[in-house]
Each structure stands twice: as C-alpha cells, then as structure tokens.
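Me: Could you take me through this model with the cut-offs stated alongside each term?

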Amino acid sequence: MVRPQGDIVDASTIHHTTRLTDAQRIDWLRLIRSDNVGPRTFRSLVNHFGSAQVALVRLPDLARRGGAARTGRICSEDDARAELAASKRLGVDLVAPDEAGYPPRLATLDDAPPLLGVRGAIEVLMRPMIAIVGSRNASGAGLKFAGQLAHDLSEAGFVIASGLARGVDQAAHRLSLDGGTVAVLAGGHDRIYPPEHVDLLAALLGAGAAISEMPLGHGPRARDFPRRNRLISGVALGVVVVEAAHRSGSLITARIAAEQGREVFAVPGSPLDPRAAGTNDLIKQGATLITEAADVVNAVAPIMERPIALREPDGDEPFDLEPDAGDRARVVKLLGPTPISLDDLIRMADASPAAVRAVLLELELAGRLERRGGMVSLI
C-alpha cells in the first residue's frame, strides 16, 4: 500500500495562465472546426498569420494552391456561437492551452487540441495524473488489479485518467471516484460511449472531470479512438497498461505515450493468457514492469520535481507564404500513399524546410495530405 502524500505538486503545473477574449475564442473555434484543420495545422496557421481571424481569411487561397477542386467548409461565426452556447448549457467549458482547466502536460504537445471541452470539477485537471488502460475484455484478476492500483494511486494523491471504456478503464474509474478521476471521451460530451457508462460518467463528475476535443453531437467512430488515446497519455505523467492482447488499442496508447516522452508501465501476466501477450511484449521492449502502486510512484517522483521543457514542433517554424512552382512540384512528386518522414522529404526535395512546410500545409488544407506523427502521405 502506498501511503497518502497529501497535496502532491507537479512542477509542470506551476505557470501563469492567460485567457482568450470572447472574440478570439470564437475565431479559434471557427478555425479548428473548419475542414482539414487539425491541431498541428491550426498552430502553423496562427503562428504564421498572427491570429485565427487572419488565418480564416486565407484558408480558401491556401486550399486552392494545394489542388482543392472546391473550398472546404469554413465554420461560420453563427455555428461557433451556437456550439459555445450549447456547450455552456451542458456545463462544458472550451479552454485553450495555458488557460485554467487545461491539463498542463497536454498543453506541451505539438498536437494539443487548440480548444478542449472540459466538464466537472476541472481543478483536478491541474493535478498530476496517471493513466490506466487495458483490455475491454479483461480477466477477473485484471479488473481486480486495475481497481486496486487506481485506488492506491488515488490515495497517494494522483488523479486517474482513462477512456471510460468497458473492462480495465471502468474499473480504474470506479475505484478512484473519491480522489478524482478523468474520463477522456472519443466523442462529444453529449455522445457517451459506451452508453451504459453514462451513470459512471455522472458519478465521476462530482470529484473528477471529463474532457473531449470533439464537438457536441459527434458520435465516436473507430478512427476517433486512437486520436482520443493521445489525450489519455498526453494528460499524464505515465501510462499503466494492465492487460492488452496483440494489436489492441491499449498498445496504441502505450506507443503514443512513448513518443510523447511519457513513462510506460506494464503489468506482467501469464504467457498462456492472450490478454497478457501485449503487456508482456511491452516489458520485453523496455516498459517498466510494475506489481504495485509504489513502483509507479517511485518512477514518476523525479519527473514531478522538474518542469518539463516545451517542445519545438515543426508547425512553429516559419514557412514561405509563396513557395515557388519548382519546390511545389518536387514535393508533390515525392509524396505518395506510403508515409515519408518530414526530414527525408526536405532532403530529397532539395528545398528549404520553410518551403516544404508551406506545400504540406496547402495540401493538408486541400484534403490531400495525412499526417501521422512525423510522417506524411498523400490521401
């Protein structure tokens, strides 16, 4: 058993907060809800043009340069105001990085949501978190251990983050209700999945919170869960995988966590149980083996003592507003359905990094480019 540590402090949460004006929040919401604008593209546009308002004006021209046959939908001011009003009625605040209620560690990622819908006792989002994930079809032993681990970490002062899914997720949420737990949703705040966990969500909102980057009315699709998983690991100091079969969603979360620089923990299991195959492989690959909460606490204690360094994401660097036709042709020719790294693309195109980024931004706004981590490919 880990002894309660009172109000433990994560050094990354000590920072000054800023606040968007009402007009800025409308513009930010319009931009992120417009077609083909994801978190990285949003950041590139705002950093280059200086504001979301100017970026919105330039979207059609940039998309045409990328080869769009017609301009994608740009979220209207009326739609943005309607979403803000509907969110408020549901008790959801749309907060930006560095605003109160935005998880500090999530804010450091280069694909952090520009606006995050938060609901509940949002002060828990400023406290240190540990994510616990695992099989939806968990064994009885796996469910028991997940619950015990969540309880003990909660007693030690940590907030437990998970995905509100069946199996390990719900066990972790239920056993950490009193200390605060955070549900990371794949759909909008009004489209809870699975539907039988609506009552669990209501129970955890008392001392905990729920977060989502999706608009109200958005029902979760298969492709939304990996996107959701990056938020589960992104809010946390580390991710514990309790049970996971080969090719499970929990292993995606573990991979993303490692890419984000988070600690990855795995609970060993019987080689005869396919539900332990993934976690046993994680241990072989270097994940920290744990058998109790103290293992997690001891591993993350040094991390909490130092502020985390902000990344310098690709999208923060300047790009050429007018890449020449030769650069554009070379970049497009090198791209295809097979992903290629940005560094390789810059080297092979024999163009400046700024010019390559400009072409990629145009292609993305035209709906022709897909990004996965540091890899890009044509759609």
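Predicted model: local features only at pLDDT ≥ 70, side-chain atom pairs only at ≥ 80, totals over all residues.

Reply: Residues are numbered from 1 along each chain as its sequence is written, and side-chain values use heavy atoms, with hydrogens and water left out.

Me: Which residue of S6 stands opposite arginine 119?

Reply: Strands here are DSSP runs of type E of at least two residues and helices are H or I runs of at least four, both numbered from the N terminus. Strand S2 (residues 116–120) runs antiparallel to S6 and is joined to S6 by four bridges, where pairing requires that DSSP finds at least two bridges between the strands. Within this pair, the residue of S6 opposite arginine 119 is alanine 210.

Me: Which residue of S6 stands opposite valine 182?

Reply: Strand S5 (residues 181–184) runs parallel to S6, and three bridges join them. In S6 (residues 209–212), Ala209 and Ile211 point one way while Ala210 and Ser212 point the other, all of them buried, that is, under 20% relative accessible area, with exposed being over 50% and partly exposed in between (1.4 Å probe, protein chains only). The residue of S6 opposite valine 182 is alanine 209.

Me: How many residues does the largest nonpolar core have?

Reply: A nonpolar core is a set of buried Ala, Val, Leu, Ile, Met, Phe, Trp, Tyr and Cys residues joined through side-chain atoms within 4.5 Å. Val182 and Ile211 are among the residues with the most contacts inside the largest one, and valine 182 touches residues including Leu125, Met129 and Ile211, contact meaning heavy atoms within 4.5 Å. The number of residues in this largest core is 34.

Me: Is threonine 41 buried or exposed?

Reply: Threonine 41 is found in helix H2 (residues 39–49), and beyond its neighbours within four places in sequence it is in contact with Asn36, Leu361, Glu364 and Leu365. Because its relative accessibility is 2%, threonine 41 counts as buried.

Me: Which residue meets arginine 58 in a salt bridge?

Reply: A salt bridge places a side-chain nitrogen of Lys or Arg within 4 Å of a carboxyl oxygen of Asp or Glu, and the whole structure holds 22 of them. With an N to O distance of 3.4 Å, the partner is aspartate 61.
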